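Have the sequence and the model side by side.

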Amino acid sequence: MPVEAVLVEDLLRELAPQVVGVLTRRFGDFTAAEDAVQEALLAAAVQWPEEGIPGNPRGWLIQVAQRRMTEEVRSEQARRRREDQVARQVPADRLAAPAADTVDAAGRDDTLTLLFLCCHPVLSPASALALALRCVGGLTTAEIARAFLVPEATMGQRISRAKQRIKASGVPLRLPEPGGWAERLDAVLHVLYLIFNEGYAASVGEDLQRVELSREAIRLTRAVHVALPDDSEVTGLLALMLLTHARSPARTGPGGELVPLAEQDRRRWDGAAVAEGIALITAALPSGPVGPYQVQAAIAAVHDEAATAGETDWPQILALYGVLERVSENPVVSLNRVVATAMVHGPQAGLAALDALAPDPRLKGHHRVTVVRAHLLEMAGDRTGAAELFRAASRATASLPERHHLAIRAARLAGPDPGPDGGPTA
């Protein structure tokens with residue numbers, strides 16, 4: 001029975017890192033496994049919408065990708081030697097892929113293991129993050145480049161070199177021993193954070209959110225939290241994700257349009273997720289050194305605890321952003337602190353703080369700077385200047401919902417100035 005292509009796409013995104021993990025574990029070749037899985041994904045994207053999703057889609061992908069890898073192994077002498085080596089190391093019953101429509105008896109999810117492999121210390125932190133976002137998060141090279149504020153070609157080269165280093169290292173696919181978690185944990189948490197962010201606010205495309213990415217990031221972060229329940233930063237990251245994801249139902253209107261935080265119907269927020277996130281961050285803050293994820297979670301909690309936008313404790317948020325800037329030097333954090341400054345001390349103070357960020361090369365040309373300046377000009381009563389900047393920002397973003405939202409704001413500001421009662425002034 002034909003199925004919707006979007007359902008197939010979501011399922012393939014979820015299964016891809018699991019299948020790469022299985023084949024890397026079986027064959028010991030990360031690069032070849034990823035290439036084979038990409039071919040299997042293409043075959044599934046063509047067949048499944050027309051023929052229906054198989055009873056065991058994960059097994060189907062493993063079977064097709066393994067067949068591709070086996071063909072490659074047999075086509076070259078070097079790969080034949082690798083196949084012999086794997087055969088000596090792995091029991092015969094583990095070399096067979098499950099039938100396409102039968103239950104996967106092992107049911108093993110290698111996604112977290114694959115994430116730790118991508119974050120191996122043989123790689124630089126930047127390369128590990130890029131590779132993990134590509135292989136585990138399923139982000140495109142362009143999306144990853146945008147997250148790191150670098151050209152797409154630069155990011156493509158970084159990912160390619162990371163794959164080669166992984167291949168040359170001969171590192172087996174398995175979770176590190178407990179003593180080896182610390183050297184990879186920062187990179188793992190950063191990857192999960194970026195995957196979540198791309199899901200919560202998609203950087204490109206027609207949809208504001210990619211919920212499947214956010215949910216997968218939360219699932220994997222829960223797995224890390226189960227393994228390291230006493231790590232306050234792991235707890236902080238999970239709390240941050242829950243407190244932020246709780247707002248997702250209210251972030252879009254009936255037509256998929258963006259609804260900013262100040263205008264959201266807070267009754268639509270996920271109360272259970274808010275309660276869990278607040279409980280987690282409340283327990284984490286006094287339990288260990290305070291890191292950036294805990295501070296961000298605390299900021300999210302202040303927003304979520306306010307019954308209305310007008311009741312938001314902006315002085316507390318501004319103080320927390322001051323702490324966050326000290327523990328995590330990040331230009332986006334500084335931009336958010338600018339907004340908080342304006343909410344506490346007025347738009348002119350915010351504009352002065354924004355001007356102070358101008359020399360930072362990481363923010364040069366970023367449309368988010370233009371959005372913040374437009375917002376502050378609107379607060380200051382400069383409707384013409386704000387409208388012009390909102391139009392410029394709308395042309396610079398690759399997210400269609402954000403583009404439409406900014407264009408609408410510009411159009412409203414370009415129209416008659418509403419009076420105190422909401423009507424146009426004379």
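What does the accessible surface of the protein come to, and what share of it belongs to carbon and sulfur atoms? The total is about 20,400 Å². Carbon and sulfur atoms hold 54% of that area. Bear in mind that this is a predicted model.

Start with the overall build. The protein has 19 helices and zero strands. Its chain counts 426 residues, and buried residues make up 50% of them. Now look at how the chain meets itself. Take the contacts with a separation of 6 or more: 65% of them join residues 24 or more positions apart.

Next, the interior. In soluble globular proteins, nonpolar side chains tend to be buried together. Here the largest nonpolar core has 82 residues. Phe30, Leu61, Leu115 and Leu131 have the most contacts inside it. Helix 9, residues 182-200, supplies the largest share of this core, with 11 residues. Leucine 115 shows some of the packing. Beyond the residues up to four places away in sequence, it touches Ala132, Val136, Val188, Val191 and Leu192. A second core is separate and has 21 residues. Among them are Leu354, Val372, Ala386 and Leu406.

Phenylalanine 390 comes next. It sits in helix 18, which spans residues 383-396. Is this residue buried or exposed? Phenylalanine 390 counts as buried, because its relative accessibility is 0%. Not counting residues up to four places away in sequence, it touches Val371, Ala374, His375, Glu378, Leu406, Arg409, Ala410 and Leu413. One of these partners, Arg409, lies 19 residues away along the chain, with 6.9 Å between the C-alpha atoms.

Turn to histidine 303. Its place is helix 13, residues 292-305. The cut-off for burial is under 20% relative accessible area. Histidine 303 has 10% relative accessibility, so it counts as buried. Which residues is it in contact with, leaving aside neighbours within four places in sequence? They are Arg247, Leu261, Arg266, Trp269, Thr312, Trp314 and Ile317.

Finish at a loop. Proline 229 is found between helix 10 (211-227) and helix 11 (232-245). Its relative accessible area is 47%, so proline 229 is partly exposed. Alanine 284 is 55 residues from proline 229 in sequence. In space, their C-alpha atoms are 9.9 Å apart.

Note on methods:
Residues numbered from 1 in each chain as written. Predicted model: local features only at pLDDT ≥ 70, side-chain atom pairs only at ≥ 80, totals over all residues. Heavy atoms only, no water. Core = buried A, V, L, I, M, F, W, Y, C linked by side-chain atoms within 4.5 Å. Buried < 20%, exposed > 50% of the residue type's maximum accessible area, 1.4 Å probe, protein only. Helix = DSSP H or I, 4+ residues; strand = E, 2+ residues; numbered from the N terminus. Contact = heavy atoms within 4.5 Å. Areas by Shrake-Rupley, 256 points an atom, 1.4 Å probe, with all protein chains shown as cover.
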